[in-house]
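Me: I would like to go through this model term by term. For each label, please set the value against the definition and then conclude.

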Amino acid sequence: MEIVKTNIMDNEWNMDISYDMFESPDREAVKNNSGEIVTVHKFAIYEEYDNNGNVMRLLTLLTINGNVYVTSSPAFIRTFERIAELAQRSHLDTFTVEFRKETSKNNREYMTAVYVKES
């Protein structure tokens, strides 16, 4: 596994965070939670090999409530990564996103991350 981008600081890594975010069978799939609004505490975009030896890019995120979500959706990872970069530039430790299901012109469903403004 190679971590491409994360907001987890070196001094924050521990076995609990590592297991929960990268190995736990309790991680929930983003695609199964369309419409969910979560406040992201920690995230990591990483790459690993699938069963066929191909590189897969994944996103795992830990919410402030302790829930962990994971996805391999390229559209979701792209939109999430842009939101995370904007949050970092805005000096935010946490930010809120909605898991939104969209439909392409070819009538194919895919997931995106949508920033939810603070009220």
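Me: In which strand is Leu-58 found?

Reply: Leu-58 is found in strand β4. Helices (H or I, at least four residues) and strands (E, at least two) are DSSP runs, numbered from the N terminus. This is a predicted model, in which local features need pLDDT of at least 70 and side-chain atom pairs count only at pLDDT 80 or more, while totals for chains, interfaces and linings use all residues. Residues are numbered from 1 along each chain as its sequence is written, and side-chain values use heavy atoms, with hydrogens and water left out.

Me: Why does Leu-58 count as buried?

Reply: Buried means under 20% relative accessible area, exposed over 50%, and partly exposed in between (1.4 Å probe, protein chains only). Leu-58 has 9% relative accessibility, so it counts as buried.

Me: Which residues is Leu-58 in contact with, leaving aside neighbours within four places in sequence?

Reply: Contact means heavy atoms within 4.5 Å. By that criterion the partners of Leu-58, beyond four places in sequence, are Ala-44, Ile-45, Tyr-46, Glu-48, Val-70, Thr-71, Ser-72 and Ile-77.

Me: What makes Glu-47 partly exposed?

Reply: The relative accessibility of Glu-47 is 23%, so it counts as partly exposed. Glu-47 lies in strand β3. Not counting residues up to four places away in sequence, Glu-47 touches Met-1, Glu-2, Val-4, Val-55, Met-56 and Arg-57. Glu-47 and Met-1 are 46 residues apart in sequence, yet their C-alpha atoms are 5.7 Å apart in space.

Me: Which residues have the most contacts inside the largest nonpolar core?

Reply: A nonpolar core is a set of buried Ala, Val, Leu, Ile, Met, Phe, Trp, Tyr and Cys residues joined through side-chain atoms within 4.5 Å. The largest one has 19 residues, and those with the most contacts inside it are Val-40, Leu-59, Leu-61, Phe-76, Phe-80, Phe-95 and Phe-99. Two or more residues each are given to this core by β3 (37–49), β4 (55–63), α2 (74–89), β6 (95–103) and β7 (109–115). Helix α2 supplies the largest share, six residues. A second, separate core of 10 residues includes Ala-44, Tyr-46, Leu-58 and Val-70.

Me: Where is Asn-107 found, and why is it called exposed?

Reply: Asn-107 is found in the loop between β6 and β7. Its relative accessible area is 66%, so Asn-107 is exposed. Asn-107 also has a positive phi, about 65°, although it is not a glycine.

Me: How many helices and strands are there in the protein chain?

Reply: The protein chain has two helices and seven strands. Along the sequence their pattern is β-α-β-β-β-β-α-β-β.

Me: Why is the protein chain called as compact as a globular protein of that length?

Reply: The radius of gyration is taken over C-alpha atoms, and the globule rule is 2.2 Å times the number of residues to the power 0.38. For 119 residues the rule gives 14 Å, and the radius of gyration of the protein chain is 14 Å, so the chain is as compact as a globular protein of that length.
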